[in-house]
Amino acid sequence: MASYDHPHQPPTTASPFTKGGGGEIDDGAPEEEHLLLHQNGEQQQQRLQCDNYSVLAAILPFLFPAFGGLLYGYDIGATSSATISIQSPSLSGISWYDLSSVEVGLITSGSLYGALAGSVLAFNVADFLGRRRELIFSSLLYLLGALVTALAPNFVVLVIGRLVYGIGIGLAMHAAPMYIAETAPSQIRGRLISLKEFFIVMGMLFGYVVGSLLVEAISGWRYMYGVSIPLALIMAIGMWWLPASPRWILLRAIQGKGKLHDLREIAISSLCWLRGRAIGDSASQQVDEILSELSQLSEEKEATIAEMFQGKCLKALSIGAGLVLFQQITGQPSVLYYAATIFETAGFSAASDATTASIYLALLKLIMTAVAVLVIDRVGRRPLLLGGVSGMVISLFLLGSYYTFLDDVPAVAVVGLLLYVGCYQLSFGPIGWLMISEIFPLRSRGRGLSIAVLVNFGANALVTFAFSPLEDLVGAGVVFFIFGGIAVLSVIFIFFVVPETKGLTLEEIEAKLL
């Protein structure tokens, strides 16, 4: 019980959530259809009006979970320079610097393997731990992994540290979108979850900058990985300070895992903490609305593995896993791999260095993600997805054309690269994570997200490791044309399968769209 509690307690209020409550409408009467629609519209408007919040209070429940994304992005950026530092005879500061390509690959992809393991772990423990405790656990794994990696006396310990850090990534990428989605006001939910992608990109940029500054230092790779330690501590302290998700608390109540009255009071306390003073006296009303909707949606038990592939759960899984699958198999890891080569071919000598090119691209990614964050709750998810992925199709065919028959026009490759990065950050980058946090019914959200995150990291690994053999077999141009064809399929998938969730509460998404 203590794990739910938070010191800020609201005034005790009598619960209107009782059996046999009135207000039911006979939906069999055709003459009342317009009245029913009008009442539903009024109810949604009232919900939005009573979902008042303090901006400062809304930022903090987003900020500390988003540190999980920052640490993930930082690892990507820092590792690109760390692998250079660790192989230097004069700068590595170790005697085992002469690493094989396989060993370098294990350092680079060790966190990815760990993230896959973390996704599998999340499938089994997520709903038991809850979002808050899962994020605390992930921050401790980040801390432990960074410590082991930075202080590693040999290669084996280094890889173990990378794996532990990766498990933290898998858990954080699973729990952070859920916690933000379940605690954010519906008016800004899309913006806040998309900001998590902004933090990932900001972490990448930070990692590239730190790497460029330390790559010439003795044992610079140790300091690069050590920078994660204070960031992980901030995340751990922040998540310990934040309350549990009110929706998760109420789900436990519906499932009979505690006394309904006690858990309701804890959920009210949590919601007051999350919204600040602006919520006024409406916290108990909002909690009772959520509780009522959860009861009507039959959230009385956790979804089994078999149920994940049936009914609403299967539809949500198809949407969420489909999006993150297409997010990766449209070539995102491979396009970035070619960035330095494309800049060098185009004659940008200042950017021919891989680190400098990566910094420029990370800046572009950061700017385009910021644009997506600003417009996503106004424009909606589907328009950004359809427009952005359509731009990715054009960019991939431009890159394919350059490597096939336009190799004397390097501007084509540069335009294709920049267009791809910009369009990806407007669409798949932030919205993939947003949709998987919104679309799953509450009782299957933990397991659904763990499957989606597993698909994401698994597809990332597949594309990363399959690209070089495919390039050797058919050439880079054909590979980019293949990615372009897959991107066309993803546009079709988005058009026919992915719904619009803008402005809907999580309960309304389940009731109306699944």
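In this predicted model, the glutamate E438 is buried, its relative accessible area being 0%. This residue takes part in two of the pairings described below, and its partners are considered in turn. One of them is R189, whose side chain meets that of E438 in a salt bridge with an N to O distance of 2.9 Å. Because R189 belongs to helix α6 (residues 189–214) while E438 belongs to helix α18 (residues 428–438), the pair ties together parts of the chain that lie 249 residues apart in sequence. R189 is likewise buried, with a relative accessible area of 2%, and since the limit for a buried residue is a value under 20%, R189 falls on the buried side of that limit.

A further salt bridge joins E438 to R381, and here the closest N and O atoms are 2.6 Å apart. This pair also links distant parts of the chain, with E438 in helix α18 and R381 in helix α16 (residues 381–404), at a separation of 57 residues. R381 is buried as well, at a relative accessible area of 0%. Through salt bridges that share partners, R189, D377, R381 and E438 are joined into one network.

A search of the whole structure finds eight salt bridges, and among them is the one between R264 and D288, in which the closest N and O atoms are 2.8 Å apart. Distant parts of the chain are again linked, R264 being placed in helix α10 (residues 260–275) and D288 in helix α11 (residues 283–296), 24 residues apart. R264 counts as buried at 3% relative accessibility, and D288 is also buried, with a relative accessible area of 5%.

The helices named so far belong to a chain that has 21 helices and zero strands. Of the 514 residues in the chain, buried residues make up 58%. Among contacts between residues at least 6 apart in sequence, 84% join residues that are at least 24 apart.

The nonpolar interior can be described next. In soluble globular proteins, nonpolar side chains tend to be buried together. In the present model, the largest nonpolar core contains 118 residues, of which Y142, M173, F428, F457 and I494 touch the most other members. The largest share of this core comes from helix α5 (residues 155–183), which supplies 10 residues. When neighbours within four places in sequence are left aside, Y142 is in contact with G68, L71, Y72, Y165, G168, I169, A172, A232 and M235.

On the surface, F397, V488, L489, I492, F495, F496 and V497 form a nonpolar patch, with about 650 Å² of accessible area together. Helix α20 (residues 476–497) contributes the largest share of the patch, namely six residues, and L489 is found in this helix.

How values were computed: Residues are numbered from 1 along each chain as its sequence is written. This is a predicted model: local features need pLDDT of at least 70, side-chain atom pairs count only at pLDDT 80 or more; totals for chains, interfaces and linings use all residues. Side-chain values use heavy atoms; hydrogens and water are left out. Patches are made of residues with over 30% relative accessible area and no salt bridge: like charges are joined within 9 Å, nonpolar side chains (Val, Leu, Ile, Met, Phe, Trp, Tyr) within 5 Å. Accessible areas come from the Shrake-Rupley method with a 1.4 Å probe; for residues, only the protein chains shown count as cover. A salt bridge is a side-chain nitrogen of Lys or Arg within 4 Å of a carboxyl oxygen of Asp or Glu. Helices (H or I, at least four residues) and strands (E, at least two) are DSSP runs, numbered from the N terminus. A nonpolar core is a set of buried Ala, Val, Leu, Ile, Met, Phe, Trp, Tyr and Cys residues joined through side-chain atoms within 4.5 Å. Buried means under 20% relative accessible area, exposed over 50%, partly exposed in between (1.4 Å probe, protein chains only). Contact means heavy atoms within 4.5 Å.
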